[in-house]
Amino acid sequence: MAESQSKVDMDKLVSLCRRRGFVFPSSEIYGGLSSCWDYGPLGAELKRNVKEAWWRFMVRNRDDVVGLDTSILMHPKVWEASGHVAGFHDPMVDCKVCRLRFRADEINTNCCPTCGGEITEPRQFNLMFKTFLGPVEDEASIVYLRPETAQGIFVNFENVVNTTRKKLPFGIAQVGKSFRNEITTGNFIFRSREFEQMEMEFFVKPGTDKQWFDYWVEQRLNWYLGLGMKREHIKLREHGKEELAHYARGCFDINYLFPMGWSELEGIANRADFDLTQHAKSSGKSLDYFDDETRERYTPYVIEPSAGVDRSILAFLCDAYDEEPDKDEIRVVLRLHPDLAPVKVAVLPLSRKENLAAAAKEIWADLRQRWVVQYDDAQSIGRRYRRQDEIGTPLCVTIDFQSLEDKQVTIRERDGMKQIRVPIAELKSTLAAKLSGEALAATQPLWSSK
Ligand code: ATP
């Protein structure tokens with residue numbers, strides 16, 4: 001059953017992200033820059049993990065998808081052919097009193113939602129950022145910062161076919177920055193002007209597109225569920241006919257229950273042959289595919305799952321955020337999937353005494369070869385566990401004086417707070433098993449994809 005309201009308070013999440021170094025406002029010492037964000041030390045790790053999980057699922061674990069990394073600046077004709085120069089704009093209205101600007105489709109009154117003032121008629125506003133290539137700032141040298149990564153894939157379709165000899169159906173995936181001069185930003189990292197996308201274009205024979213579209217909707221849903229996202233926080237929304245671009249043959253949004261309500265996390269579209277046909281027309285180069293088995297030549301159709309890195313991070317953080325009573329205090333836990341957790345293991349010596357610290361540091365150095373591991377010897381062990389819970393560290397390793405005698409240490413897990421004692425010689429293999437989902441002390445699994 002889908003829920004109707006998120007239990008997560010956005011202000012608390014933003015404050016945790018700021019306090020623990022996940023996300024900072026950009027250029028904060030100058031007062032910040034509207035809707036631009038910097039990822040701190042933990043955020044940078046989390047972001048890498050999200051992108052790596054996507055790349056593994058979409059590219060590495062399959063034999064029918066290859067990767068690409070194209071430049072942000074592209075020939076201006078790309079954006080004419082793709083329709084972005086003419087059509088990539090949101091109708092917007094301005095408040096005549098407070099001068100704030102809003103997306104026309106986001107306000108449902110005839111007056112300003114902030115001050116109640118009169119608003120203008122909707123006007124078009126192009127969302128692409130412009131800049132100049134080279135030293136002369138004139139019309140002829142205008143280029144755009146890409147507003148999506150997909151076009152870099154379409155214009156390289158032939159290069160990829162020729163160099164990889166991939167046969168249809170196959171996909172090309174890319175992760176990278178995109179820029180949109182959004183009118184309405186806000187809701188933290190949900191909608192910003194500089195963000196990252198994870199996009200894949202899956203090229204298929206026309207006529208098989210419907211089956212591949214259904215397949216990719218299911219796959220993409222499974223990606224979020226496999227990383228522990230709760231099913232009741234995800235909803236599929238099919239676009240109505242009136243919402244679809246004229247060329248599109250179908251589109252589903254994967255919506256997530258964010259603190260501000262259900263909103264788009266990812267879009268999956270059946271774009272037919274629109275993009276390749278447009279680029280073929282505009283460049284004068286054929287982008288048809290020749291099928292050697294059937295001896296047919298055609299322009300492939302394309303299925304596009306398009307996800308946002310930053311929106312995924314926000315959704316994973318919201319989903320993982322949990323508070324539970326702990327005596328007179330509240331235990332804040334980020335129940336992140338181990339693959340996403342920025343720190344996998346914390347090494348905690350029970351005391352700072354020299355012999356104990358030396359043994360703990362030796363273990364830390366060894367584990368660091370394999371995982372992101374934090375060492376913490378400040379304050380009580382209880383407080384140290386709480387600090388790790390709050391940043392989502394799945395496992396803590398505690399070294400005590402007994403460890404010097406029996407060469408054993410304690411592993412404590414974040415979710416159930418269960419503890420087991422293991423020989424140091426088996427520590428790495430035990431941690432590896434736990435991080436890949438094996439239950440600690442044969443109880444609840446450390447994470448569950450249900
Ligand atoms: P919205 O209507 O919410 O702005 P969109 O429908 O324009 O999104 P798409 O063009 O389909 O978005 O882009 C695909 C994905 O890229 C989105 O589902 C989202 O995850 C991400 N994305 C798009 N715009 C932004 C943005 N301004 N900030 C962060 N992520 C974004």
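Leaving aside residues up to four places away in sequence, Q151 touches M74, V78, S82 and R146, where two residues are in contact if their C-beta atoms, placed from the backbone, lie within 7 Å. The model in which these contacts are seen is a predicted one, in which local features need pLDDT of at least 70, side-chain atom pairs count only at pLDDT 80 or more, and totals for chains, interfaces and linings use all residues. Residues are numbered from 1 along each chain as its sequence is written.

Q151 has its place in helix α5, helices being DSSP runs of H or I with at least four residues and strands being runs of E with at least two, both numbered from the N terminus. With 23 other C-beta atoms within 10 Å, Q151 is buried; a residue counts as buried if 20 or more other C-beta atoms lie within 10 Å of its own, as exposed if 12 or fewer do, and as partly exposed in between, with C-beta atoms placed from the backbone. Q151 and W79 are 72 residues apart in sequence, yet their C-alpha atoms are 8.2 Å apart in space.

Turning to the whole chain, the protein has 13 helices and 23 strands, and its C-alpha atoms fill a box of roughly 75 × 65 × 55 Å along the principal axes. Of its 450 residues, 35% are buried. Among contacts with a separation of 6 or more, 63% are between residues 24 or more positions apart. The protein is divided into domain 1 (10–75 + 148–317) and domain 2 (343–442), with bounds that come from an automatic or database domain assignment, and the C-alpha centres of domain 1 and domain 2 lie 37 Å apart.

What does the largest nonpolar core contain, and which of its residues touch the most other members? This core has 91 residues, and those touching the most other members are L314, F316, V347 and V397; a nonpolar core is a set of buried Ala, Val, Leu, Ile, Met, Phe, Trp, Tyr and Cys residues joined through C-beta atoms within 7 Å. Helix α9 gives the most to this core, with eight residues, and the core draws at least three residues from each of domain 1 (10–75 + 148–317) and domain 2 (343–442). V397 touches V345, V347, L348, I363, V409, I411 and L427, again without counting residues up to four places away in sequence. Apart from this core lies another one, of six residues, among them M92, V93, C112 and I183. In soluble globular proteins, nonpolar side chains tend to be buried together.

Helix α9 (residues 309–320) also meets helix α2 (residues 41–60), for their axes come within 10 Å and cross at roughly 110°. Such axes are lines fitted to C-alpha atoms, for helices over the stretch in contact, and the angles run from 0 to 180 degrees between N-to-C directions. On the α2 side the contact is made by L46, K47, V50 and K51, and on the α9 side by V309, S312, I313 and F316. By class, the contact of α2 with α9 has five nonpolar, one polar and two charged residues, where Ala, Val, Leu, Ile, Met, Phe, Trp, Tyr, Cys and Pro count as nonpolar, Asp, Glu, Lys and Arg as charged, and the others, Gly among them, as polar.

In helix α8 (residues 274–283), the buried residues are F274, D275, L276 and H279. What covers them includes α3 (76–81), α5 (150–154), α6 (157–164), β13 (261–272) and β16 (301–308). After α8 comes G284, with a positive phi near 80°.

Some backbone details remain. The peptide bond from L168 to P169 is cis, with omega near -5°, and P169 lies in the loop between α6 and β9 (170–179). S27, although not a glycine, has a positive phi of about 50°; S27 is found in the loop between β1 (23–25) and β2 and is exposed, with 11 other C-beta atoms within 10 Å. Q379, also not a glycine, has a positive phi of about 75° and sits in the loop between β20 (373–375) and α11 (381–391).
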